[in-house]
Amino acid sequence: MGEWLDKRFNVTASGSSIRTEIIAGITTFMTMAYIIFVNPAILSETGMDFGAVMTATCLASAIGTLLMAFLANYPFALAPGMGLNAFFAFSVVLGMQVGWEVALACVFINGIIFIILTAGKVRQAIVNAVPYTLKVAVGAGIGMFIALIGLIQAGIIVDNPATLVSLGNIKSTGPILAMVGLLFMAVLHAYKVKGSLLWGILLITIVSIPLGITTPPEGIISAPPSLSPVFFKLDLKSALTFAMFPVIITFVFVDMFDTIGTLIGVSTRAGMLNEKGELPKVGRALFADAVATTLGACLGTSTTTTYVESAAGVEEGGRTGLTALVVAILFLCALFISPIAKIVPSVATAPALVMVGVFMMQSLKNLNFDDITEIVPACITIFAMPFTYSIAEGISWGIISYALIKFLAGRSREVSKTMYVLAVLFLLKEFML
């Protein structure tokens, strides 16, 4: 089995090992396992059945990640996207007062559009058109974004009506545990211990039990809830109307550039770009993402997308689809062992996200700080992601500023036609839609 896995996923040739890939897969899964319960909690606000959505979440994540593993051989995991599920529930269903069946149909149409764009190599052209400077900036920006998410999950950063954000109560148990976990992971990494993030997550989870942060599982195995309340409940007739057109366009825009940003950022950090700064087999990765969105809507969940938490597995050494295969298997197992997956608290995964943020910020050393036409768009990209809480907005404003600054500085020839087209489209989107 080990020999077959090595050959099938080119593990040794990629400078990795089966053990490393397994650890990377477990680490990625643990940092994103929260989606199993958070996604149904959000979508159930629309009237969707909680248990059915949980089953759909696990299945959509497993199928999408399996596609990524076998089609693209990349260590990226997929699941219903945070932000997109909130837009689905609160903006579309509750805000516009449309049925969740209509919203699911909009997600399905979004997936079909993606399949067509991928087949026409439009999405691949966009990925490859992004200049190296912005690719580095996207990685660093995602690092800041992930770190912010981790600090919020830990309770170290909280909202404040006067200053937007402020320091939380770091004397409370949760933040203290998160900070201990962060120190533990950093020290293990300093000693070059394999699986430092995973060991940190396990340690804080175990310590959290006697402290009352989490509780031991009541059982180990439980039957998955029925999928029937949401399975194939698509109202395509109502979705294919002029009133729903802006909703579909929003799904397409946010999902496309969240996915592109994640692929660029994580692959840059993993050293997967070729000598031209392009991601090989990007078409296959994008196709896996598009099919996962389409199938996810049929199963009964919001947009399935490539997860930025994949960076946690990459930092543990994951370099091939074997990492993704492990994640997919764990999502399938979660259908039956959800009591165990449920005990991992956010204070245990939060420090892992902060560590990933630290690692991804290291790419900044590759920026040319002496060229103002390069560094300003890079910084705008980096700042926009955490401060707008959107990877898509970071890419949007990074591309707009890059094209404008190069053009006004008399260096328009350094920018591709694709970049200028994207900049115009983003400007129209920001000021007219």
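The legends below describe close-up views of side-chain contacts in a predicted model. Residues are numbered from 1 along each chain as its sequence is written, and side-chain values use heavy atoms, with hydrogens and water left out. Local features need pLDDT of at least 70 and side-chain atom pairs count only at pLDDT 80 or more, while totals for chains, interfaces and linings use all residues.

**View 1. Phe 9 and Phe 70 form a tilted aromatic pair.** The structure holds six aromatic pairs (rings of Phe, Tyr and Trp, the last by its six-membered ring, with centres within 6.5 Å; planes under 30 degrees apart are stacked, over 60 edge-to-face, the rest tilted). In this pair the centres are 5.4 Å apart, with 50° between the planes. Phe 9 belongs to helix 1 (residues 2-9) and Phe 70 to helix 4 (residues 50-72), so the contact ties together parts 61 residues apart in sequence (helices are DSSP runs of H or I, at least four residues, numbered from the N terminus). Phe 9 is buried at 0% relative accessible area, whereas Phe 70 is partly exposed at 34% (buried is under 20%, exposed over 50%, partly exposed in between, with a 1.4 Å probe and protein chains only).

**View 2. Phe 231 and Phe 232 pair edge-to-face.** Their centres are 5.0 Å apart and their planes 80° apart. Phe 231 is partly exposed at 39% relative accessibility; Phe 232 is exposed at 51%.

**View 3. Charged ends sit over the rings of Phe 9 and Tyr 74.** The charged end of Arg 8 is 5.4 Å from the ring centre of Phe 9, and that of Lys 281 is 5.1 Å from the ring centre of Tyr 74 (criterion: NZ of Lys or CZ of Arg within 6 Å of the ring centre and within 35 degrees of the ring normal).

**View 4. Glu 3 and Lys 7 form a salt bridge.** The structure holds five salt bridges (a side-chain nitrogen of Lys or Arg within 4 Å of a carboxyl oxygen of Asp or Glu). The closest N and O atoms here are 3.4 Å apart. Both residues lie in helix 1, four residues apart, about one turn of the helix. Glu 3 is exposed at 55%, as is Lys 7 at 60%.

**View 5. A network of salt bridges links Asp 371, Glu 374, Lys 406, Arg 411 and Glu 414.** Arg 411 meets Asp 371 at 2.8 Å, N to O. Arg 411 is partly exposed at 27% and Asp 371 is buried at 14%. Glu 374 meets Lys 406 at 2.7 Å, N to O. Glu 374 lies in helix 18 and Lys 406 in helix 19, 32 residues apart; both are buried.

Key
Helix = DSSP H or I, 4+ residues; strand = E, 2+ residues; numbered from the N terminus.
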